[in-house]
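Shall we take a friendly walk through this fold together? Here is the structure to keep open beside you.

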Amino acid sequence: MSESVKVRPARAEDVPEMAAILNEIIAIGGTTAFEDERSEAEVADIVMERPESLFAHVALDGEGAVAGFQYVIATDEAGVGSVATFARQAPVIRAVGTALLRATVLSSQAAGLTAIDAHIRGDNVPGLAYYSKMGFKDHAVVPSVPLKNGTPIDRIVKRLQL
């Protein structure tokens with residue numbers, strides 16, 4: 001049975017759950033550019049409070065807990081936002097990413113964006129697959145971005161035209 005996913009704009013009270021999701025993903029490793037755990041204050045700043053923040057959404061599971069979040073920031077390219085997506089690892093709720101992207105596309109269009117970019121680590125196979133499944137197309141490669149330990153990893157830029 002598929003669990004119902006509700007999406008709404010992120011609020012300050014969501015930050016503790018968002019930080020827990022992000023930090024779990026960071027601890028697992030290999031699927032986010034973030035390599036060090038983030039405090040709740042840092043997550044609030046990254047997702048909602050910095051000047052380039054445009055909007056953020058949370059996906060809620062059937063119990064009302066945050067199952068994932070997605071946010072978009074403005075970029076230097078006019079009309080283009082940059083998206084990041086994080087989903088709870090356990091228990092996994094199917095369709096979180098799809099539900100979040102639906103809301104993000106609507107909010108992006110309302111904000112006047114014409115495209116959304118996703119910058120994905122080249123070794124993040126699940127992330128690359130997710131964005132491809134959602135209709136993002138390969139747009140650019142940022143070669144050899146070093147990890148904290150110096151290992152160079154390409155960043156694949158995928159773009160969704162709105």
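The questions below concern a predicted model, and they go from its sheet to its aromatic rings.

Q: Which strands stand at the edges of the sheet, each with a single partner strand?
A: The open sheet has seven strands with mixed pairing, in the order β1-β2-β3-β4-β5-β7-β6. A strand with a single partner has one side left without a neighbour in the sheet, so the edges belong to β1 (6–9) and β6 (137–146).

Q: What is the bridge partner of Ile120 in β7?
A: Strand β5 covers residues 115–121 and runs antiparallel to β7, residues 152–161, with seven bridges joining the two. For Ile120, the partner in β7 is Ile156.

Q: What angle does the direction of helix α4 make with that of β5?
A: Helix α4 (residues 125–133) packs on the sheet and touches β3, β4, β5 and β7. Its direction relative to β5 makes an angle of about 160 degrees.

Q: Are Tyr71 and Phe86 stacked or edge-to-face?
A: Tyr71 lies in strand β3 and Phe86 in strand β4, 15 residues apart. Their ring centres are 6.5 Å apart, with 20 degrees between the planes. Planes under 30 degrees apart count as one class, so this pair is stacked.

Q: Is Phe86 buried or exposed?
A: The relative accessible area of Phe86 is 6%. The cut-off for the class is under 20%, so Phe86 is buried.

Q: Which class does the pair of Tyr130 and Tyr131 belong to?
A: Both residues, Tyr130 and Tyr131, are buried. Their ring centres are 4.8 Å apart and the planes stand at 70 degrees, so the pair is edge-to-face.

Note on methods
Residues are numbered from 1 along each chain as its sequence is written. This is a predicted model: local features need pLDDT of at least 70, side-chain atom pairs count only at pLDDT 80 or more; totals for chains, interfaces and linings use all residues. Side-chain values use heavy atoms; hydrogens and water are left out. Two strands pair if DSSP finds at least two bridges between them. Helices (H or I, at least four residues) and strands (E, at least two) are DSSP runs, numbered from the N terminus. Contact means heavy atoms within 4.5 Å. Axes are lines fitted to C-alpha atoms, for helices over the stretch in contact, and angles run from 0 to 180 degrees between N-to-C directions. Rings of Phe, Tyr and Trp (its six-membered ring) pair if their centres lie within 6.5 Å; planes under 30 degrees apart count as stacked, over 60 as edge-to-face and the rest as tilted. Buried means under 20% relative accessible area, exposed over 50%, partly exposed in between (1.4 Å probe, protein chains only).
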